[in-house]
Amino acid sequence: MIDKGGISLKYVNAIVVFLVLLHMYFGAGDYTDIRCSERERRALVDFKNSLDFESKWLSSWGDEDEKKECCKWQGVKCSNSAGRVVKLDLKAHSLHVLPDYCVSKWTSLQILNLADNNFSGEIPSSVGSLRQIQTLKLRGNSFFGELPLSLRYCEKLIFMDLGNNRFLGKVPAWIGESLLALRVLIMRSNKFNGSIPSSLCGLTRLCILDLSQNSIFGNIPHCLSKLTSMYLGSSNGTKDVDGFSYILINRVPNNWVYGSCTYLNTHANSAAVVIKGGVLVIHSSTLPFLRLIDLSGNKLTGKIPGELSSLSGLTSLNLSRNDLSGEIPQNMDEIEELNSLDLSQNRLSGRIPMSMCNFSFLDYLDLSYNNLHGRIPFSRSLSTFSASAFIGNQALCGPPLTENCPIEATSNRTRHGDEFKRWFKVGMGMGFFIGFWGIFGSLCLNRTWRHAYFLFLYKVKDWVLLRLALYIARLQTRFKRNNNH
């Protein structure tokens, strides 16, 4: 028999222990100030002092007693345990100086956002000391030169946006060899050249690849099909809830597992990419649902690899404004979740594949200014696009470009003419066979008919010879009379 008082005492003890643990977990931070690292605080102050203007946004930074705690400065976030600076968000504040000696002291930094400022020069080589960095956003500045080799040591990088700068040189092969944790790689609107290194195919966790608006040449690597995070239903070792880019079409398909890309909502607040022909800023809540490859505005040549169709979870593919040739792959419809497709301003030829009628969720299409020909396939999905999606293809016809298809009508008439000739020849052959063997066979088989036939021929011959002899004699007589006169 258990005493009721004993049971009550046990409940009280359990509640007390629970409240103590709850206080230790949630309440400790309310009574203990996080003290930032003096070394990192000093580096932040030096960074501010390097500016040749007073930034109101950085007014909370300073050496004064009331400003000693750098973890409370605007744009700065520290870790709860050691007080180390883990996030520095200085986006869009007209900053232009990034001292090398300051960067080397932010060794615990995980997120560095310097986007949309006026920074110039080369990226400091000390960036390689940021071994904990996971998000690096340098978009919208005037950085130039080649990417520092030391950046390859930032092996925990998940999100790297270098777009809209003046970087040059080849796309480094070490990106695909060392930065294997990358989910987002944006290098658009720079001056990169050379070919796309095949090592990028090793970035199997990649969800966004944007190399657009550079001077990259050569063929599109066939091995891009190895970007397994862009497969439909591939979790890349991580299971998660179903989802899709509802920022595009507001739907959630079956079998979608967005796997490694789910990490993006904690490591980047936004990314600017081109979708549906315009720049779209994708925010953290929807960024994990996007699968994008943008190689537009380069000097790529060769054919579109058919292997790209294996990326069944790809939502946006932009290969426009290159020098691609050959036909559109017949199996493009295997990219089941494709929502935006831009192949405009290339040298693509052949017909539009009938398989493109099978797209279920295609919301944007641009095939303009190529060398495509034939009738535009009619389907429920393709019929929703305007003529602007097909203009610039001189031999392309049919709705929505034209009501009729004169090229195909001519080919139809030619086809009908050829068919008539074929049947005429067949009729001639059969007529000859029946007529010849109908007469010749009868003569061979019937002796009476044969004798009568040849007797008739002899009579005809004699009549012809007699008429000819009389005609000649008449001419000779007339000729003699003329000579006598």
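**Close-ups of cysteines and cores**

**View 1. C405 and its partner.** With a relative accessible area of 6%, C405 is buried, because anything under 20% counts as buried. This is a predicted model, by the way. C405 is tied to C397 through a disulfide, with the two sulfurs 1.6 Å apart. What about C397, buried or exposed? C397 comes out at 4% relative accessibility, so this cysteine is buried too.

**View 2. The C71 to C78 disulfide.** Searching the whole structure turns up 4 disulfides, and here we zoom in on the one joining C71 to C78. The S to S distance is 2.1 Å. Which hand does this disulfide have? The torsion about the S-S bond of C71 and C78 is about -100 degrees, so the disulfide is left-handed. Both cysteines, C71 and C78, are buried.

**View 3. The C201 to C223 disulfide.** C201 and C223 are joined by a disulfide, S to S 2.0 Å. About the S-S bond of C201 and C223 the torsion is about 65 degrees, so this disulfide is right-handed. Where do the two ends sit? C201 is in the loop between β10 (191-194) and β11 (208-210), while C223 is in the loop between β12 (215-218) and α5 (246-249), so the pair ties together parts that are 22 residues apart in sequence. C201 and C223 are both buried.

**View 4. Cysteines C102 and C154.** C102 has a relative accessible area of 1%, and since the cut-off for buried is under 20%, C102 is buried. C154 is buried as well, with a relative accessible area of 1%.

**View 5. The largest nonpolar core.** How many residues make up the largest nonpolar core? This core has 92 residues, and W106, M160, I175 and L185 have the most contacts inside it. Two or more residues each come from α2 (38-49), β1 (76-78), β2 (85-89), α3 (100-103) and α4 (174-178). Of these, α2 gives the largest share of the core, 4 residues.

View 6. Leaving aside residues up to four places away in sequence, what does I175 touch? I175 contacts L147, M160, L182, L185, M187, L200 and L203.

Notes. Residues are numbered from 1 along each chain as its sequence is written. This is a predicted model: local features need pLDDT of at least 70, side-chain atom pairs count only at pLDDT 80 or more; totals for chains, interfaces and linings use all residues. Side-chain values use heavy atoms; hydrogens and water are left out. A disulfide is a pair of cysteine sulfur atoms within 2.5 Å. Buried means under 20% relative accessible area, exposed over 50%, partly exposed in between (1.4 Å probe, protein chains only). A nonpolar core is a set of buried Ala, Val, Leu, Ile, Met, Phe, Trp, Tyr and Cys residues joined through side-chain atoms within 4.5 Å. Contact means heavy atoms within 4.5 Å.
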